[in-house]
Structures are given as C-alpha cells and as structure tokens.
Amino acid sequence: MTKTIRIGAGAAWWGDRVEPAQLNAERGELDYLCFETMAEATVSAAQVRARRDPTFEGYDTYLDDRMRAVLPACMRQGTKIVSNQGWINPDAAAKRIVHWLRELGHTGVKVASVNGSMITDRVLQLTDRILENGQPTSTLKPTLISAEAYLGAEPIVEALRAGAQIVVTGRVADPSIFMAPMMFEFGWDPLDHVRLGQGMGLGHLMECGAQVTGGYFSDPGFKDVPEPWNFAFPIVEVEADGSAVLTKVAGTGGAVTLQTVKEQMLYEVHDPANYLTPDVVVDFTQARLEQIGPDRVRVTQIGGKPRTPTLKVSIGCTEGFIGEDMFFYAGPGALRRAQLAKKILEERFRIVGLQAEEIRIDFLGLNAIHGAATPADAPEPYEIAVRVAARTATREEAIKVGREVDGMAVSGIGHTGKRVPHAERTREVIGVWSALVPREQVPASVHYFES
Amino acid sequence: MKVLLQHIAHARSGDKGDTSNIAVFAYAPEFYPLLKAQLTAKRFKDFYAGAIRGEVLRYEVDNLEAMNFVCHGALGGGVSRSLCLDNYGKALSAAILGFEIDVPDQLRPLLRGAHLLAA
C-alpha cells in the first residue's frame, strides 16, 4: 500500500481561532499539525515591542493557548508539530514548549528551533535594491527596524531528520512550513523541482487555513456553505509523488469544493505560472482539481521550476504615525450633514496647521471601502460614519486628528454622534519593503531542546 | 441579456505590499469565454478608476476557468501605510461583482443568484 501522510493546519495567522487547531489535533488523525502565525509586519512589530516591553518574549503571544490546546492530543497520537510561532526568538519559543511538555508529563520530547532568518545587522550590505521602487536599500538606513529573509523548508527537514517532534521557526516562507514534512517523509530532494512544485502548491493551499474550507468565501444566495460559524481547518492527505486530497474533519461547517480550492489557489498570487518561493517556483497553470467526494478535492499536477538563487527579504522601517477617528450621522439628511462635517474638518486641519503626508476623510456606509471606485449612483445610506485618517511624521501631529474630532462634539453640527470614551487614536506605521539576497548568505541554524 | 458579474463569477482578493490581486472565477465553464472576451484588463482598471493607481495585468488561468488581475498601486501605498479602513483590500474584490456583462439568453439557467434578477 502506498504511504500517505496527513498534514493539518493549526493557524493561518496570529489572531486565528484556536478551537479548530484542537479539533484537527484530536480528530484529524494527523501525522503533522502546522501553524502559520506571521504577517508581513510581524517581525518589525515584535522588534518595536521588544524594545519597549522587556517582558515580551518575542514569540507568538498565543503560543501558550495554542500549545496547551493541541499538545495533549498530539503527544498521545504521535502527531508532529511544525510552527513559525518563534517570531523573533525561536529559542525562547522552543523552551516555552518544553515547559508545557513537562507540565503535561511528557519527557524526552525533542523540540527544535530554526534560526537564521534575522539579518537586520547585515541587510544593507547584503541587499542592493528595493524591489518596490528600485531605490538603493541604503536609503532605508535611518528608519530601519528589522530585516528578515524568508527561509525555505530545508532547515525544518534537517530538524525532523534529527528526530525533532516539534519544530518552531522564525521567518520561513508560509507554504514551506507545510511542505517540509512531505520532503522529510518521502525523501524529496531539495532540488527536485517537480515534486517540490506540487508540494509547495499544496502548502500554499493550506497556509491560509479556513480560507480553503469555506472561510473568506460565503456570499448568501450565491456561494453558501453549511454552518459558517463552525469551520474546520484543512487537512491534506499526500502521497509520495505529491498527489493529494484536500479535506477536513467530518461533521464541521464549511466545505471543500472546487470553488473554495480555486479561490485559495490564486490567493496572493501574481503570475500563476511563476509563484516564487524559497524552495521552488510553482506553476499553478497546469493544476488539476477533481471533486472526488463530499469535502474531498483531489489536487494533482501543480508544476514546479528550479528555485531562484536568491531569497526574499522583508525590511521593516519606521514611517511615522497614523491618527484616525470617526463620528456618526443617521436619519434623513445624514449625507448632507456628513458632507458639511468633512468641510469643517478640512478647514480645522488648515487652522491648526496639521502637517500630514496624506489625509483621507471618508463616509463609511458610502465610500470608505471602495473609495474612488464607488459607483456614482450608489444610493444614499440611512446611517453614515465620517471616518478621518492622516499619516504624519510625528505622533504630535497624528494626535491632532482625534483632537479635531473631539471638537465636533459640541462645536460641530446638529445630530453628531460620537464615541466617548474613544479607543486609541494614533498608531505607529511600520512600512515593509522587499529586497533579494543571495541564498548562501543566509545560513540557517537549528538548535535542539528536550523536555 | 445584461447581468452583473456576480451572477456568472466569484472573486477573491489578496494583498502583497501595494499590490492587490483580484482573481475572478467562472461559476460554469460556459461563462469563462464571456469573462475572457468582456472583462479586459483595461475595462477592469477603468472600473476601479481612482482606486487602482498603477498598472493592471491580466493572467488567464484556463485550467481554473479564472483570470487573475494583478493591480499595482491598489492598496494606498501598502498595507501598513494605507489610510484606507480596509487596508488589506479584502473587500476590494467585491466591487468587480458589479461589472455589467452580456450573457446569451440560453445561458440564463446557469446564472447564480437568479432570484435577484428581473423575470
């Protein structure tokens, strides 16, 4: 009988639900449970927080919740875990996992941390141009917070070969987290671009969790899925040649259909024939999808081309502040009052000399989401929020936005609704830029811990 | 007959920096040629006039009966610095569902959300 491995998703982003991860651990009959918890700006935001908050450990702030939810079932069933919850401190995350293993009475479990993605101190020497605007990366020197390269699957495979049951990483490419177990179990060569293309394509389908099992999908009357309050995270059953079936735990909400899989296949993809990853260039344009049963989609023939000689680097920089707030109108004439409010704010910003790189005043309910693309004949809504935001160089300037919205309370116009007390109205902007680095310049290192 | 795109296709948007990719998927194979012929990159960009400031590239993905529109300058300078409330552009893909498209009458039985169409 051909060997099949079952890989389940445990998270698609930092704020994701924990209960579907526990469900996959308990009822997914998994060989591997994989967590993706990092967004583009996660590392930079973590760096900023670490500077200000000495108690911040530098790893996923939900690490405890997630591990306590899944470790009992994973240890009982021999399910291995691969996770990028290490953020800027994979060693600390690994030690924390060891702590929970001991608490639960599991000793002798090997936990590995994958390090090496952080290249903040070397990035300006190692990289040349900013991909987005062609400028030299040296222009980022005054505002640089952090830089990290997107590592591939190889260091995770190394850790699994060394007997790690749990591998926790810093920045690696999201789909690599899911492909590493396939490479390890089936002995795929890192340069076997045909198999890695299929494997990485599967990783891409898994990395956004419920987005392939019915999440970010429903549209009532057009695209309905059962019980959209009860989604499961996906499971992929992979064979040695990379052929696979995407599915989920039975009895849960959502669906795995050609439509959910197609939407996820192109999610965040630019050229579908050349999806660049550290491990391989993926080609989705020959992929075959087949619904072979309820909530079972067979995925084959995702193509692969040899990997590029470079790795992508994300560079986080301080880029000032955003000040924002909103207030409300309703009833007949809501729009005309909102329009006068906008005029008042514009005049007030001039009077108080707001120094802003960009100011945006929208009517939430009418044009705050699609902006200039809002149809000219869109109907006037019954309720409108006036939402104002400005990007500024300093926090002092950003604060002016909220202060002028305060003025709208008693010095504004009739029927103005306002939130008091209000939430935090300024935030720091961390801009993220990209560059390329020769892959041999970013060696990974794997550390081992034992419970 | 003219219908809104939502009756023949579904869509999903994704973000990378200041670029949004909006993928449009035919509900039935019969609709895919209509999408290809009528939803050109230029019409797509015109539909989002003002909201997409850069180039729009269209990739045809025949095996998925889908087209991927890669929209540069669509996310207010980038997810982190955007002043848009929907800074990831997650809801951006919904706008194209309002694009008007010409569908042969004989395909009417295949339309999604037919309850919303005039008899």
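Two residues are taken to be in contact if their C-beta atoms, placed from the backbone, lie within 7 Å. Helices (H or I, at least four residues) and strands (E, at least two) are DSSP runs, numbered from the N terminus. The structure is a predicted model, in which local features need pLDDT of at least 70 and side-chain atom pairs count only at pLDDT 80 or more, while totals for chains, interfaces and linings use all residues. Residues are numbered from 1 along each chain as its sequence is written, and chains are lettered from A and ligands numbered from 1 in the order in which they are written.

The domain assignment, whose bounds come from an automatic or database source, divides chain A into domain 1 (4-116 + 151-308) and domain 2 (315-433). The C-alpha centres of these two domains of chain A are 38 Å apart, and six residues of domain 1 of chain A are in contact with four residues of domain 2 of chain A. On the side of domain 1 of chain A that touches domain 2 of chain A, four residues are nonpolar, one is polar and one is charged; here Ala, Val, Leu, Ile, Met, Phe, Trp, Tyr, Cys and Pro count as nonpolar, Asp, Glu, Lys and Arg as charged, and the others, Gly among them, as polar.

Helix 10 (residues 334-351) of chain A consists of 18 residues and reaches 26 Å from its first C-alpha to its last, close to the 26 Å expected at 1.5 Å a residue, where the expected span is 1.5 Å times one less than the number of residues. A residue is called buried if 20 or more other C-beta atoms lie within 10 Å of its own, exposed if 12 or fewer, and partly exposed in between, with C-beta atoms placed from the backbone. By this rule the buried residues of helix 10 of chain A are A:A334, A:R337, A:A338, A:A341 and A:L345. Seen down the axis of helix 10 of chain A, these buried residues fall within an arc of 95°, so they line one face of the helix; the arc is that of the directions from the helix axis to the C-beta atoms. An α-helix has 3.6 residues a turn, so residues three or four places apart point the same way. The buried residues of helix 10 of chain A pack against strand 14, strand 15 (358-364), strand 16 (383-392) and helix 11 (395-411) of chain A, whereas A:R336, A:K343, A:E347, A:R350 and A:I351 are exposed on the other side of the helix. Helix 10 of chain A is followed by A:G353, which has a positive phi near 65°.

Among the strands, strand 5 (residues 144-149) of chain A is mostly covered, with five of its six residues buried. Strand 5 of chain A runs antiparallel to strand 14 (residues 310-330) of chain A, to which five bridges join it; two strands pair if DSSP finds at least two bridges between them. Within this pairing, A:A147 has A:I315 of strand 14 of chain A as its bridge partner.

Some backbone features lie in loops of chain A. Most residues other than glycine have a negative phi, and most peptide bonds are trans. The peptide bond from A:V420 to A:P421, however, is cis, with omega near 0°, and A:V420 lies in the loop between strand 17 (417-418) and strand 18 (426-438) of chain A. A:V420 counts as exposed because it has 6 C-beta neighbours inside 10 Å. A:W87, in the loop between strand 3 (80-83) and helix 4 of chain A, has a positive phi near 45° and counts as buried, with 29 C-beta neighbours inside 10 Å.

Between the chains, 37 residues of chain B are in contact with 41 residues of chain A. The side of chain B that touches chain A takes its largest share, five residues, from strand 2 of chain B, and its residues divide into 17 nonpolar, 13 polar and seven charged.
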